[in-house]
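Open your viewer and get ready to select residues one stop at a time. We will take the stops in turn, and each one comes with a short note on what is there.

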Amino acid sequence: MRWLALLTFLSMPALAQWPSIDAPLPKQGGGEKDAALLISISDYAFLPDVPGAKENAAAWYRHLTTTRGVPATQVTWLQDTDATLEGVQDALAELPKKVKPGGTLWVLYIGHGAPSQDGSDGVLVGADAQNVVRSLYARSLPRQKLLDALSAGPHARVVVVLDACFSGQSGSGQQLATGTMPTLPEKESLGKAKKPLVLLTAGTSRQFAGALPNLERPAFSYLALGALRGWADDDGDGAVTASEVVTFTNAVMSTTLRGRQQTPQLNPPAAKDTVLAKAAKGERLDLSQVVVALQTGGASAPRRTPEVEPAGTPIAPRAPVGDRQAGDSVSDQRTGIVWRWMPGGRFTFGCSRDKPACTPEEPVLSARSVSGFWIAETETTGEQFERCALARGCDSSVGSRDSPEKRCNFKTERFDHPTNCVTQSDAQAFCRWAGGRLPTSEEFEYAARSGKAVFYPWGFDEPDGTRANYGDQSFARALKPATRASLLADGLLNPTSNDGFVATAPVRSFPRGRTEWGLFDMSGNVAEWTSDTVGELTVFRGGHYQYPPQWIHAWQTDGMPPTEWQPMVGFRCVRDP
């Protein structure tokens, strides 16, 4: 088999890693009619946590929306406290309404499972279930009820991926409900499906699901997504079938797991030839390198413990100015930042009086000039800030500032989200460590507009749930009814769009909102500190996830005292050539 072929040891690098699934592949399409429900529970209220569930679900979200092309308005993602029994039931009731005729319904669940009380089925354990039998079953959804909820609608088929085993044990083998010893069925039993079904589960009834060695990610959902990217295309025909997914995940787990068995399952067997994805060229898991690295202690997780180099380490090589094109990129391995080149030029700066209305804080329309500079492709992420904190270049306490609300992404495992809850000096410290500085207001707007007189970073089209993270249906769910009604009455919420995020989103979640020169989230998600001041306030730009659509245009300008912080404010850095 191609992905199991052994290589000569001398050709292997000294360190091998499990490949990353986080960056989405280029758009392949085929999902425009689809709808999806993603459920990830990393943080159970009373049961053992499931480390990496959120990160895997984020990778699946990006695959579905970016690579497969499922509209973000047709994807629902429930995380942690949203994934109660009622939350899941409500989302399931809405899901068939979002799919188009002939499309596919996708459901991903990453969390705990348990056997039903009579042992004839499994249950998906809700986020608020307690570790006693009565609560466990009262707050969980039977698997068959999940499948029944997906039987009605105009869709052509259903694909369900359950990264949970139904033994009633956690990933460490601990019983979820104290004092139980469940009776388990010898064979998986499912009611007759009313739609063509592909059901992929993490293991058999008597096994428990867990992580891969040296990778804090639930094994099955990580490998299954890798399989869809192309790791499982063993015959090289460019199509990944359901049977290839199961064969691949079984092979990797049987080769790498020690001390437990986990055997992914496909039901019904007749679905084995169903094509689930197009394989991307060059995508593969070199299992031989992983095995050797595990045996020699060289394998490491791709994110959680970054290698840190001290401040002052030379950054990535810089091409001569004459060779650079707008949007050219270089990657800095020390910081994790991808820098993009902004050529100098003259541009229209400030608020266009005709659309939309200007506020007093925003500069009046004028012509400005900037010199060329590099700017980070994304807002500074939690992973990048962690590198700085470990190198003692940044204050590691920023993630604890709003405890116990946990709105601050750093130290709450939201490592692919923007770093928020930072003062201007916190942001400046990171940028100094990264070899750069905060942008001026002019540099930020020039980059957001790609040097052109557009209204939004992506052009002139009005914002929607596929271009930016702003105040819409998702944000409205977190508001008290009276507050929501007041904002709607004042036109400060968009009730017709849904970007899928109550608060911040992982960076690169909105590829349709990317600038012409390759920058993400220049409007929405978090507002971003600049180096400019107006009176006693420091300027931040770009708008954030609470702002209505009329406040996230390319010239959006606000400010607050530089010593203050907010969960809606983050930053990105620039550096000089």
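Select D461 and show its surroundings: leaving aside residues up to four places away in sequence, D461 touches Y456 and R467, where a contact means heavy atoms within 4.5 Å. Now display the side chains of D461 and R467, which are joined by a polar contact of 3.2 Å. A polar contact is a pair of N or O atoms within 3.5 Å; within protein, one must be able to donate a hydrogen and the other to accept it, and residues adjacent in sequence count only if both atoms are side-chain atoms.

Where does D461 lie? D461 lies in the loop between α10 (441–448) and α11 (473–476). Helices (H or I, at least four residues) and strands (E, at least two) are DSSP runs, numbered from the N terminus. D461 counts as partly exposed because its relative accessibility is 45%; buried means under 20% relative accessible area, exposed over 50%, and partly exposed in between (1.4 Å probe, protein chains only).

A word on what you are looking at: this is a predicted model, in which local features need pLDDT of at least 70, side-chain atom pairs count only at pLDDT 80 or more, and totals for chains, interfaces and linings use all residues. Residues are numbered from 1 along each chain as its sequence is written, and side-chain values use heavy atoms, with hydrogens and water left out.

Next, zoom out to the whole chain. The protein chain has 12 helices and 23 strands, and 57% of its 577 residues count as buried.

Now select T104, which sits in strand β3 (residues 104–110). Is T104 buried or exposed? T104 is buried, with a relative accessible area of 4%. Its contacts, again not counting residues up to four places away in sequence, are D34, A35, R68, V99, R157 and V159.

Two backbone stops follow. Pick D80 in the loop between β2 (75–79) and α2 (85–98): D80 is not a glycine, yet its phi is positive, about 45°. D80 counts as buried, at 14% relative accessibility. Then pick N214, in the loop between β9 (211–212) and β10 (215–218). N214 is not a glycine either, and has a positive phi of about 65°, but N214 counts as partly exposed at 42% relative accessibility.

For a cis peptide bond, go to the step from N267 to P268, where omega is near -15°. You will find P268 in the loop between β12 (265–267) and β13 (275–278).

Now color helix α8 (residues 382–390) and helix α9 (residues 424–433): their axes come within 10 Å and cross at roughly 80°. Axes are lines fitted to C-alpha atoms, for helices over the stretch in contact, and angles run from 0 to 180 degrees between N-to-C directions. Show Q384, F385, R387 and C388 of α8 with D426, F430 and W433 of α9 to see the contact.

Last, select the open sheet of 4 strands, in the order β21-β20-β19-β22 with mixed pairing; two strands pair if DSSP finds at least two bridges between them. β21 (557–560) and β22 (569–570) stand at the edges with a single partner strand each, so one side of each has no neighbour in the sheet. Strand β19 (residues 527–534) and β22 run parallel and are joined by 2 bridges. To see one of them, select A527, whose bridge partner in β22 is V569.
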